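Q: I would like to learn how to read a few features of a model. Can we start with surface exposure?

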Amino acid sequence: MSQMSRQAPLIENHTVDYVQLAERHGKARDLFTLWFSTNIAPLPIVTGAMVVQVFHLDLFWGLLAIALGHMVGGLVIALASAQGPRMGIAQMVQSRGQFGRYGALLIVCFAAIIYIGFFISNIVLAGKSIVGIVPSVPVPASILIGALSVTAIGVIGYRFIHTLNRIGSWVMGSALLAGFLYVFAHDLPADFFTRGGFNLHAIVAYFIGIIVQLPFANTSLYVGPYANWVQGADLSWLVGLVVTCPLYYCLATRSQVHARKASRFGYAD
């Protein structure tokens with residue numbers, strides 16, 4: 001494996017096509033720095049802070065939600081990732097086996113939307129960072145520089161991405177640690193650890209989402225009764241998304257309306 005890794009070209013030659021066994025390179029441990037550096041970048045840090053600022057969880061429940069989300073999501077990604085070295089094809093192509101021909105098309109569409117949003121968010125943040133370092137550079141030019149840099153990294157491909165992420169793990173990890181030390185070295189608000197609470201509405205929506213997904217699931221462990229209606233496609237994720245998002249919105253807004261009425265009439269429930 002190490003010999004193949006040394007012989008691998010700097011610029012990746014494959015996209016979604018089949019990769020011959022002799023051309024596959026890399027090690028399982030390389031995935032750690034890839035995902036670790038990605039998830040300690042500024043954008044994920046800001047996203048993680050939303051559990052307190054937007055969803056009103058306290059610090060304990062927020063950290064628990066993030067940890068459980070990573071564990072559950074990481075398990076699914078790990079199962080798909082394990083297929084790559086064995087099958088030699090990209091994950092989006094592999095998904096046709098689990099979700100069917102048309103089910104995989106929906107996943108690709110959602111993934112494309114997510115990737116575009118992630119790309120835009122990162123290049124805007126990169127552009128603002130450049131302006132923060134060199135104020136004389138206009139914001140549009142800074143964003144363009146960030147976009148071209150990210151595109152170049154993607155074109156060069158696998159080995160260059162992993163090299164940058166190994167470096168980024170140390171750089172951003174050190175910056176994150178320094179940030180935590182700076183925060184906790186100063187006086188914190190009195191309600192820093194208790195601000196927010198347990199979001200019962202989110203838990204209810206989550207478990208109802210799991211229940212409604214089961215009839216549409218198609219996995220090696222369980223096949224739902226409705227999976228055969230769509231030629232074996234696993235559409236449980238889509239059903240869960242369609243149900244949980246509106247349900248959580250209704251529950252959350254209903255409680256806010258109730259709280260406003262309680263405040264208006266001077267009573268609390």
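Q: Is Tyr206 buried, partly exposed or exposed?
A: Buried means under 20% relative accessible area, exposed means over 50%, and partly exposed lies in between (1.4 Å probe, protein chains only). Tyr206 has a relative accessible area of 45%, so Tyr206 is partly exposed. Tyr206 is found in helix α8. Helices here are DSSP runs of H or I with at least four residues, and strands are runs of E with at least two, numbered from the N terminus.

Q: What should I know about the model itself?
A: This is a predicted model: local features need pLDDT of at least 70, side-chain atom pairs count only at pLDDT 80 or more, and totals for chains, interfaces and linings use all residues. Residues are numbered from 1 along each chain as its sequence is written, and side-chain values use heavy atoms, leaving out hydrogens and water.

Q: Which residues make the nonpolar surface patch?
A: Patch residues have over 30% relative accessible area and no salt bridge; nonpolar side chains (Val, Leu, Ile, Met, Phe, Trp, Tyr) are joined within 5 Å, like charges within 9 Å. A salt bridge puts a side-chain nitrogen of Lys or Arg within 4 Å of a carboxyl oxygen of Asp or Glu. Here the patch covers about 1,100 Å², and its members include Leu68, Met71, Val72, Tyr206, Phe207 and Tyr222. Areas come from the Shrake-Rupley method with a 1.4 Å probe; for residues, only the protein chains shown count as cover.

Q: Which helix gives the most to the nonpolar patch?
A: α8 does, with 7 residues. Both α4 (59-87) and α8 (200-213) supply at least two.

Q: How many residues does helix α6 have, and what does it reach?
A: Expected span is 1.5 Å times one less than the number of residues. Helix α6 (139-156) has 18 residues and reaches 26 Å from first C-alpha to last, close to the 26 Å expected.

Q: Which residues of α6 are buried?
A: Ser142, Gly146 and Ala147. They cover an arc of only 135° around the axis, so they sit on the same side of α6. That arc is taken from the directions from the helix axis to the C-beta atoms. Pro140, Leu148 and Val155 are exposed on the other side. Gly157 follows α6, with a positive phi near 100°.

Q: How many disulfides does the structure hold?
A: A disulfide is a covalent bond between the sulfur atoms of two cysteines. The test is a pair of cysteine sulfur atoms within 2.5 Å. The structure holds 0. Cys245 is partly exposed at 44%, and Cys250 is partly exposed at 47%.
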